[in-house]
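This report describes a single protein chain from its coordinates. Please keep the sequence and the structure in view while reading.

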Amino acid sequence: MRLLLVEDQADTAEFVLKALREAGHAADCARDGKEGLFLATTEPYDAIILDRMLPKVDGLTVLRTLRASGIAVPVLILSALGELDDRVEGLRAGSDDYLVKPFSTIELLARLDAITRRQSPTGEPDNHMLRVADLELNRLSRVVKRGSRTIELQQREYQLLEYLMRHAGQVVTRTMLLESVWDYHFDPGTNVIDVHVSKLRAKIDHPGQPALLHTVRGAGYRLAAGVS
């Protein structure tokens, strides 16, 4: 996706931009509300991440101006103002979601996925079956199959595969996997991800079958068909 971040705090902006770009998105950044409003009204974006407390023009004014102009791009508000009245005010101003600081990058990315999926006329609702080529994962029975072959997975392998399948076709970074599968918000300095990915690959990609689980050098991993 092409995203616009409107955030005046340098450390927060750097943190969010890094997470967005690691997830494979293109992201522009505006450091005040005036610049953010200009970019949002002159450039096409799939979603906007908007801080509330901005210099020059505050976030809610930016949002109300966009909506009054007929610009329906999904907007996720980021704010340290987390009281119920603050969140209600943000939603009533026209935001699609409201995330209170501090926040997890995994939650930020998930909320972005949710608000853009709701906007997409071709978006399909989440269900219990995940499929990539001939690989299937049933989230209710927790049965994994490739073609007619049933694949037995350990708990962590299953969680890893489910996450990769939810993000099929996208580059999934080590940071994303550490936060979502291992619930680490720091790098433990081990090769735990490489070991589990190697074990998972050996189970789903048998000789003679097209490879589905790919390493993207210097970036992370991608689960997809037809990728060399």
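**Basis**

The model is predicted, so local features need pLDDT of at least 70 and side-chain atom pairs count only at pLDDT 80 or more, while totals for chains, interfaces and linings use all residues. Residues are numbered from 1 along each chain as its sequence is written, and side-chain values use heavy atoms, with hydrogens and water left out.

**The chain as a whole**

The protein chain has 8 helices and 11 strands. These elements are DSSP runs numbered from the N terminus: helices are H or I runs of at least four residues, and strands are E runs of at least two. Along the principal axes, the C-alpha atoms fill a box of roughly 60 × 40 × 35 Å.

Of the 228 residues in the protein chain, 44% are buried. Buried means under 20% relative accessible area, exposed means over 50%, and partly exposed is in between, with a 1.4 Å probe and protein chains only. The accessible surface comes to about 11800 Å², and 51% of this surface belongs to carbon and sulfur atoms. Areas come from the Shrake-Rupley method with a 1.4 Å probe.

A contact means heavy atoms within 4.5 Å. Among contacts between residues at least 6 apart in sequence, 56% join residues at least 24 apart. The chain has 29 positive and 32 negative side chains, and the centres of the two sets are 5 Å apart. Lys and Arg count as positive and Asp and Glu as negative, without His and the chain ends; each charge is placed at NZ of Lys, CZ of Arg, CG of Asp or CD of Glu.

**Strand pairs**

Two strands pair if DSSP finds at least two bridges between them. Strand β1 (residues 2-6) pairs with strand β2 (residues 26-30) in the parallel sense over 5 bridges, and Arg-2 stands opposite Ala-26 in β2. Because 4 of its 5 residues are buried, β1 is largely enclosed by the rest of the structure.

Strand β6 (residues 129-132) and strand β7 (residues 135-138) pair in the antiparallel sense over 4 bridges. Here Met-129 stands opposite Asn-138 in β7. The hairpin of β6 and β7 has 2 residues between the strands, and Ala-133 in this hairpin takes a positive phi near 55 degrees.

**Backbone exceptions**

Most residues other than glycine have a negative phi, and most peptide bonds are trans. The peptide bond from Lys-101 to Pro-102 is cis, with omega near -10 degrees. Pro-102 is in the loop between β5 and α5 (105-119).

**Ser-95 and Asp-97**

Ser-95 is in the loop between α4 (84-92) and β5 (97-100). Its relative accessible area is 9%, so Ser-95 is buried. Leaving out residues up to four places away in sequence, Ser-95 touches Leu-63, Val-75, Ile-77 and Gly-90.

A polar contact is a pair of N or O atoms within 3.5 Å; within protein, one must be able to donate a hydrogen and the other to accept it, and residues adjacent in sequence count only if both atoms are side-chain atoms. A polar atom of the Ser-95 side chain lies 3.0 Å from the backbone oxygen of Gly-90. The Ser-95 side chain also reaches the backbone oxygen of Asp-97 at 3.5 Å.

Asp-97 itself is in strand β5. With a relative accessible area of 18%, Asp-97 is buried. A polar contact of 2.8 Å joins its side chain to that of Arg-111. Beyond four places in sequence, the residues that Asp-97 touches include Val-75, Ile-77, Leu-91 and Ile-115.

**His-206**

His-206 is in the loop between α8 (192-204) and β10 (213-216). The residue is partly exposed, at 32% relative accessible area. Its side chain and that of Arg-149 are joined by a polar contact of 3.4 Å. From C-alpha to C-alpha, His-206 and Thr-42 are 49 Å apart in space, and they are 164 residues apart in sequence.
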